[in-house]
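Subject: Structure for you to look at

Hello,

Here is the structure I promised to pass on. Please open it alongside this email, and the findings follow below.

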Amino acid sequence: MTAHSIFRETLRRLARNPLAMAGGAVILFFFVLALFPSVFSGHDPNRIDILKILASPSESHPLGTDDLGRDVLARMVHGARISLSVGFVAESIAIGIGLVIGLLAGYYGGRVDSVLMRFVDIMLCFPTFFLILAVIAFIGPSIWNIMFIIGVTGWMGVARLVRAETLSLKERDFISAARAQGAGTGRIMFRHILPNTLAPILVAATLGVAGAILVESGLSFLGIGVQPPTPSWGNILTAGKDNIEFAWWLSLYPGLAIFLTVLGYNLLGEGIRDAVDPRLKGR
Amino acid sequence: MSRPLRPRAVLSALSVLVLLSACGGSGKEAPGKGTAASDAPAHGDAIIEGSIGDISGFLSAVTTDASSHEAAGYVFNGLVRYDKDLRLEGELAESWDISPDGKKITFRLRKGVTWHDGAPFTSDDVMFTYRRMIDPKTPTAYGEDFKQVKRASAPDPHTFVAEYARPFAPALASWGMHILPKHLLEKHPDISRSPLNKKPVGTGPFRFVEWKTGEKTVFDANPAYFEGKPYISRVVTRVIPDLATMFLELKSGGLDLMNLTPLQYTRQTETAEFRKSFNRFRYLSSGYTYLGFRLSHPFFKDSKVRQAIAHAVNKKEVIEGVFFGLGQEATGPYKPGTWPYNPNVKRYPHDPSKAKELLAEAGWKEKDGDGVLKKDGRRFEFTVLTNAGNENRAKTAAIIQQNLSAVGIKMEIRTVEWAAFINEFVKKRKFDALILGWNITPDPDQYDVWHSSKTGPDELNHIGYANAEVDRLLEEGRRTFDTGKRKKAYFRIQEILAEEQPIVFLCYPDSLPAVHKRFRGIVPAPAGISYNFIQWYVPKGEQKYTTFRQ
């Protein structure tokens, strides 16, 4: 079977999983929001209107206004861009680091493996959220710093996955064949082993994005993530907390958006895992 | 805003300048309830207050934030204090005489006063405190007042004499400084590092019980207090670094006293249920919020730039949008309605086009159509700092940010936790601009904040303001007891500050404390509500906390 047909077979199985498709649809929906915010709301997300503070949802403000009279819908759709891209970029950084470390550890084995995996163990010892809090205290909060920190504290799972795959792949015949043909170490690692580890990475990445979005929301909610007035779902929720008794819309909608996005990524991730797992074949 | 937003009862008006973590203070809106027979004063019960920021120590000589000063106020006394009408009255001093030329004050101290550890209080303690205040090893922001003393003497254990080389108007008020116990501190050259800064022993109405950093401070009534044992047996101040959480705690019974935010006051406390359990008070607090600049910053050196920012900032929008109208536009560092306040200073109405004109005159011009002004290749971008947890300041910053972007200035906002904000940024001068509050003391002498010599790391002129005429007027104002002459000096200072705008004065917010209804004896006055804290009581039948774990 060619790689091409394996990919098609995987997609076909994925398409037959209604939960995964629903998750994918939710994510797609939020991506469309993030890409074309002005289509969904004509308001400027940072426009303060003190005459309309905490107005309930109405025709001109479908999701109401916040504690400075800013349109919540506009902030939600612009916040989608921030929240989704934080998830995406952070996870890309994590995968980049995880891939390299996993490949090196798995391929070279021995002492290299021991050193790298102990480093992974050390990183896993830190409670991630508190590590992030401590680092932000030093370098200061900004969108780029948040992406960076979530990335460099979240690669350990990927590294372990890649290492395990590499350990088994490097013993296969096609690697021996490549080596017999004179392929160098770099070529074997990146051209032959790496592509074969992508399926589990894709699963990990999808779930990882969900995690990163949650962490960003948490940090922004605590006021040390994305800094005002830039909207992110997390910091809209902060304003919601202060006014929850009489401005429910400020808490409900960003909360719902975070919930649905994370759920969507998780469903999609699990769907992909089922689709690429050969043990489920023929079910 | 004014005093720390701390919803913490203040025993007496603060006599020195402190930084405010939020607005608040003392005063009242609700009418006092009639006193029925069953309401008879009784000892017992505890009051639990909420505070947004932890204290940094108990020795008020070496702290500059309102939380710490108020905590110290439970444990320590000064020789004098402000009464309910903000007039000076004796505290540890029974009475005093001022010589006809105003240069010599003779205090007669109360007899029979003891420190919480049982040692007697004498004039030696006052002398010791004075010496420490002028000691260069003491990192205090308040030494200046005491350096004015030419000669101090303690002729007998109950008399203390301070002589001044020249008349010094704030002299009497300066003796509101908390008196320190000599017998416990004399072995510690730097009092800020002494154990007493963490476990204070004072003469005050309450004794220190415990301080759990970041969590709470606890005080118990001092049965031997010279004005009688306070009715309330225990005071607990809980640190809750978020005002919305604090409010939920108040409503669920975890707190008895907090300063409400304007939003809570206008929208969340109108319910019958809230009114059934709490009295609300409202009065102009003794403090103001400002947008301050580090004046050595190349952008802010030029007074035209600062005037432009003053015109660009829409103070009305701040007062309406953030304070829901519960405050007044600030024009200077004095409180409206008090004698030093000058109502006729230059004002800066919201006027973006005027602001742009002034910026253009200062050389700031839009060049490439990206909406940000430039000069000598630098974009007009800076970061404003304020303390976290105070939503009002964050919202104020958001409004100012929008106002400034309309004239081509890009302002980033960063919020930092209170202690780090003061210690890492304000004291180390690591800021471009900040949003912060000062309190307003009853005596108008603000030498420590505005004089050009007061710019050291532990001193209060952290913006680095220097103006020769203001320096001279500050000196003049403190050298005479003639209120007319002092008024003239302080009026002129306000004119200069208004003209130069070293800081943009934003707002005098109202204090909006809410106190549980079981507390009686609260009588609002110009000094607020907490001046008579030791007379607050809970009638026997309504007491909530009856047994205390020590």
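Two strands count as paired if DSSP finds at least two bridges between them. By that rule, β2 and β11 (residues 234-239) of chain B are paired: they run parallel and are joined by six bridges. Before going on, please note that this is a predicted model.

**Strand β2 of chain B**

Strand β2(B) covers residues 46-51, and six of its six residues are buried. B:Ala46, B:Ile48 and B:Gly50 point one way from the strand. B:Ile47, B:Glu49 and B:Ser51 point the other way.

**A four-strand sheet in chain B**

Chain B also has an open sheet of four strands, in the order β5-β6-β8-β7, with antiparallel pairing. Strands β5 (93-98) and β7 (149-156) stand at the edges. Each has a single partner strand, so one side of each is left without a neighbour in the sheet. On average, neighbouring strands here are turned by 15 degrees against each other, direction ignored.

Five bridges link β5(B) to β6(B), residues 104-109, in the antiparallel sense. In that pair, B:Ile98 stands opposite B:Ile105. Helix α2 (residues 123-134) of chain B lies across β6, β7 and β8 of that chain. The helix runs at about 160 degrees to β7(B).

**Where the chains meet**

The size of an interface is often given as the accessible area lost when the parts come together. Here chains A and B bury about 1,800 Å² between them, 55% of it on carbon and sulfur atoms. One salt bridge is found across this interface. A:Lys241 and B:Asp242 meet in a salt bridge through their side chains, at 2.7 Å from N to O.

**Salt bridges**

The whole structure has 47 salt bridges over all chains. Some to look up:

- A:Arg163 and A:Asp113 meet at 2.6 Å, N to O. The pair links helix α8 (residues 156-169) with helix α5 (residues 110-125) of chain A, 50 residues apart. A:Arg163 is partly exposed at 22% relative accessibility, whereas A:Asp113 is buried at 11%.
- B:Glu91 and B:Arg81 have their closest N and O atoms 3.0 Å apart. B:Glu91 lies in the loop between β4 and β5 of chain B and B:Arg81 in strand β3(B), so the pair ties together parts ten residues apart in sequence. Both residues are buried.
- B:Lys304 and B:Glu361 have their closest N and O atoms 3.7 Å apart. They lie in helices α9 and α11 of chain B, so this pair ties together parts 57 residues apart in sequence. B:Lys304 is partly exposed, at 30% relative accessibility.
- B:Asp370, B:Lys374, B:Arg379, B:Glu381, B:Lys410 and B:Glu412 are linked in a network of salt bridges.

**Two backbone points**

B:Phe324 is not a glycine, yet has a positive phi of about 50 degrees. B:Phe324 sits in the loop between α10 and β16 of chain B and is buried, at 17% relative accessibility. B:Gln501 also has a positive phi, near 50 degrees. B:Gln501 is in the loop between α16 and β23 of chain B. Is B:Gln501 buried or exposed? B:Gln501 is buried, with a relative accessible area of 2%.

Best wishes

Technical notes. Residues are numbered from 1 along each chain as its sequence is written. Chains are lettered from A and ligands numbered from 1 in the order in which they are written. This is a predicted model: local features need pLDDT of at least 70, side-chain atom pairs count only at pLDDT 80 or more; totals for chains, interfaces and linings use all residues. Side-chain values use heavy atoms; hydrogens and water are left out. Axes are lines fitted to C-alpha atoms, for helices over the stretch in contact, and angles run from 0 to 180 degrees between N-to-C directions. Contact means heavy atoms within 4.5 Å. Buried means under 20% relative accessible area, exposed over 50%, partly exposed in between (1.4 Å probe, protein chains only). Buried area is the accessible area (1.4 Å probe) that two parts lose on being put together, summed over both. A salt bridge is a side-chain nitrogen of Lys or Arg within 4 Å of a carboxyl oxygen of Asp or Glu.
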